[in-house]
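Hi everyone, thanks for making time for this one.

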Amino acid sequence: MAFISSGYNPAKPMEGRITDIGPRHFTDFLPPVLAKNKGAWDYHEIIEPGMLLHVGLSGDKVYTVRCGGARLMSVTHIREICDIADKYCGGHLRFTTRNNIEFMVPTLEDAKALKADLNARKFAGGSNKFPVGGTGAGVTNIVHTQGWIHCHTPATDASGTVKATMDVVFEEFQNMRLPAPVRISMACCLNMCGAVHCSDIAILGIHRKPPIIDHESVDNICEVPLAVAACPTGAIRPTKIEFQGKQINTVAVKNERCMFCGNCYTMCPAMPLADKTGDGIAIMVGGKISNRMTTPKFSKVVVPFIPNEPPRWPKMTKVIKKILDTYAADARKYERLGDWANRIGWERFFEKCGLEFSAHLIDDFRDPAYYTWRQTTQFKF
């Protein structure tokens, strides 16, 4: 009632509101043809790699040209994207959840001209600025996390590993010749803000050593109770030690309990986790979110550790290329990577992909939720 007495009308929450907090509603930015046909599309089809056609029940058509974008962009790069949208699309564009950029135009001729323009734009070194592709049964853009450029707990780089991987699978980004779509994701640590747990191929940065404790700094720059509470496995406890002739407050880590997540470092900068030899990459495969044909699945670890080898990560890219090429040659049409591995058996998967199997890779985690909860809309009579 206090809001009503102050003049606020619940029936018209935006009436008289003047604010610059937060973005405007997304519908303010829809191209007119999309706003007109929202929720009333008849069908869509992929005309060629990187080019789509959507047809509304009204008969309206819109052609979309999709190109790869970067997870981290400079202002100059974004301005060039906006210039392209102004030239061809009336100022409209959209970003997909996998960092692709989509430009929408009214005719096929416009779409072809736009595609040629995008493919012709190069960086000074000769690489593509806006490579067209990422549709259908191919490799689309890699979604990834922050990595060394920004995050404080990465076990590997994000932008670097993604660039190196896309360079070796780039032909599959430009074509649609795989048995089914392949989603590659990358997370630079186990906290996984990139959500790699349900990807066909996943690159995961992993720490293998517990945090190093800078005892001299803990009590000066950390709140010890927060560092203790931050640990999900209870591996950290407060303690006192003798340091340089005096007793100081610090923490102790029970190494066998540590899961190397880095939460403690988030709360306490005096507990760094990064280590040159302990940090590296694990490869996971077989996950998917789609309900098509089979239920959604979590990814499974197939390579437990690959050392960091910047700037090109040759061992990592060799493994990924081998997995992708073997899947492309052996899977059936419409069969996702995990479905192919399940059909031939994971033993054969390791043999065909030339991967070493270890008992530590066996997925033996089970709890009642895993096999009793409904995990999908699929059902059988």
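The accessible surface of this protein comes to about 21400 Å², and carbon and sulfur atoms account for 56% of that. Please keep in mind that we are looking at a predicted model. Of the 381 residues, 41% count as buried.

Staying with the overall picture for a moment, the protein has 12 helices and 11 strands. Now take the contacts with a separation of 6 or more: 64% of them come from residues 24 or more positions apart. For those of you who think in charges, there are 46 positive and 38 negative side chains, and the centres of the two sets lie 4 Å apart.

Now to the cysteines. How many disulfides do we get? The count comes to one. Cys-222 is joined to Cys-268, with the sulfurs 2.0 Å apart. The angle about the S-S bond is 75°, and the link is right-handed. Where do the two partners sit? Cys-222 is in the loop between α6 (215-221) and α7 (224-230), while Cys-268 is in the loop between α8 (263-267) and β10 (280-285). That puts them 46 residues apart, so the pair links distant parts of the chain. Are these two cysteines buried or exposed? Both Cys-222 and Cys-268 are buried.

Cys-82 is in no disulfide; its nearest cysteine sulfur belongs to Cys-89 and is 11 Å away. A disulfide here needs two sulfurs within 2.5 Å. Cys-193 is in no disulfide either, and the nearest cysteine sulfur, on Cys-188, is 5.8 Å away. What about the exposure of Cys-193? Its relative accessible area is 63%, and that makes Cys-193 exposed.

One last stop, and it's a histidine. His-44 is found in strand β1, residues 41-48. Which residues does His-44 touch, once we leave aside neighbours within four places in sequence? They are Leu-53 and His-54. In the case of His-54, the two histidines are 10 residues apart in sequence, and their C-alpha atoms are 4.3 Å apart in space.

That's my tour, so over to you for comments!

Conventions:
Residues are numbered from 1 along each chain as its sequence is written. This is a predicted model: local features need pLDDT of at least 70, side-chain atom pairs count only at pLDDT 80 or more; totals for chains, interfaces and linings use all residues. Side-chain values use heavy atoms; hydrogens and water are left out. Helices (H or I, at least four residues) and strands (E, at least two) are DSSP runs, numbered from the N terminus. Buried means under 20% relative accessible area, exposed over 50%, partly exposed in between (1.4 Å probe, protein chains only). Contact means heavy atoms within 4.5 Å. Accessible areas come from the Shrake-Rupley method with a 1.4 Å probe; for residues, only the protein chains shown count as cover. Lys and Arg count as positive and Asp and Glu as negative; His and the chain ends are not counted. The place of a charge is taken as NZ of Lys, CZ of Arg, CG of Asp or CD of Glu.
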